[in-house]
Amino acid sequence: MRYLTLITCAALLVGGCATLENASNNLSCKLSRDCQTQDERFGKLQAVLDHEIQQARAAQEQAVSAMQGLPSGQRAVAGNVRLADVEISDGQSEQKRKMQALESVSVTLPLAAKSRPEYTRAMEALKNLANELADSRGSSSIVVDQAEADVRARRVNTATGTTQTASGKPVAVRKNVDRTLAAGSERYTIQPGPISGQLQP
């Protein structure tokens with residue numbers, strides 16, 4: 001079963017059933033197959049947000065597992081999976097709720113493994129996640145932190161740019177110099193696009 005995109009869920013939040021506006025029509029609304037209560041609309045949106053979190057954890061695990069058989073200095077290392085509380089307003093009732101959403105997920109990859117097929121599989125897992133999140137949120141970013149020594153020695157590619165998913169959603173690639181990052185590694189952080197907290201009726 002395919003999950004609804006956030007855009008679809010936003011439409012559910014602001015759409016709902018017009019007969020919820022008054023008590024006399026509330027029963028007919030409940031009997032309608034297309035009608036959804038406020039709780040159901042919020043629930044569907046949270047289900048999509050929960051799915052994004054699950055996708056992020058699964059992609060991180062896949063990237064680390066892909067390189068687990070390599071020597072210790074050539075393995076991927078899982079970073080943080082950051083979550084954020086986002087306040088969402090229902091355009092019909094003006095009720096607000098805080099919902100938990102994915103903010104970012106990180107994996108550190110060693111430069112020494114770049115020529116290995118295991119590295120390629122790990123990168124594919126992260127790129128696929130970025131594409132999935134872009135299709136869900138409308139955009140996403142891949143932020144690559146690079147060690148200062150590696151940048152100076154030109155051991156890493158510092159080019160930035162924007163690609164598109166198959167459905168045309170943008171995925172931005174940004175590079176940062178991180179003085180705290182150990183030489184010989186890059187930290188990849190996948191960030192979904194922002195969620196609009198105000199849904200207009």
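Q: Which residues touch the most other members of the largest nonpolar core?

A: In soluble globular proteins, nonpolar side chains tend to be buried together. In this predicted model, the largest nonpolar core has 29 residues, and Met-67, Leu-109, Tyr-188 and Ile-190 touch the most other members.

Q: Which elements give two or more residues to this core?

A: They are the helices α3 (38-66) and α4 (117-137), together with the strands β2 (96-110), β3 (140-147) and β6 (185-192). Nine residues come from α4, the largest share of this core. Apart from it lies another core of seven residues, including Phe-42, Leu-45, Val-86 and Met-99.

Q: What does Tyr-188 touch, not counting residues up to four places away in sequence?

A: With those residues left out, Tyr-188 touches Val-105, Ser-106, Val-107 and Leu-109, then Tyr-119, Met-123 and Leu-126, and finally Ile-142, Val-143 and Val-144.

Q: In what order do the six strands form the open sheet?

A: Strands of a sheet pair through backbone hydrogen bonds, either parallel or antiparallel. Here the order is β1-β2-β6-β3-β5-β4, and the pairing is mixed. The edge strands are β1 (77-89) and β4 (161-164), each of which pairs on one side only. From one strand to the next, the twist averages 20°.

Q: How many bridges join β4 to β5, and which residue stands opposite Thr-162?

A: Four bridges join β4 to β5 (residues 170-178), and these strands run antiparallel. Opposite Thr-162 stands Ala-172 in β5.

Q: Which strands does α3 lie across?

A: The helix α3 lies across β1 and β2, and runs at about 10° to β2.

Q: Is Asp-150 buried or exposed?

A: Residues under 20% relative accessible area are classed as buried. Asp-150 counts as buried because its relative accessibility is 0%. Asp-150 is placed in helix α5 (residues 148-152). Not counting residues up to four places away in sequence, Asp-150 touches Leu-111, Arg-155 and Val-156, as well as Ala-182, Ala-183, Gly-184 and Ser-185.

How values were computed
Residues numbered from 1 in each chain as written. Predicted model: local features only at pLDDT ≥ 70, side-chain atom pairs only at ≥ 80, totals over all residues. Heavy atoms only, no water. Buried < 20%, exposed > 50% of the residue type's maximum accessible area, 1.4 Å probe, protein only. Contact = heavy atoms within 4.5 Å. Core = buried A, V, L, I, M, F, W, Y, C linked by side-chain atoms within 4.5 Å. Pairing = 2+ DSSP bridges. Axes fitted to C-alpha atoms, helices over the stretch in contact; angles between N-to-C directions.
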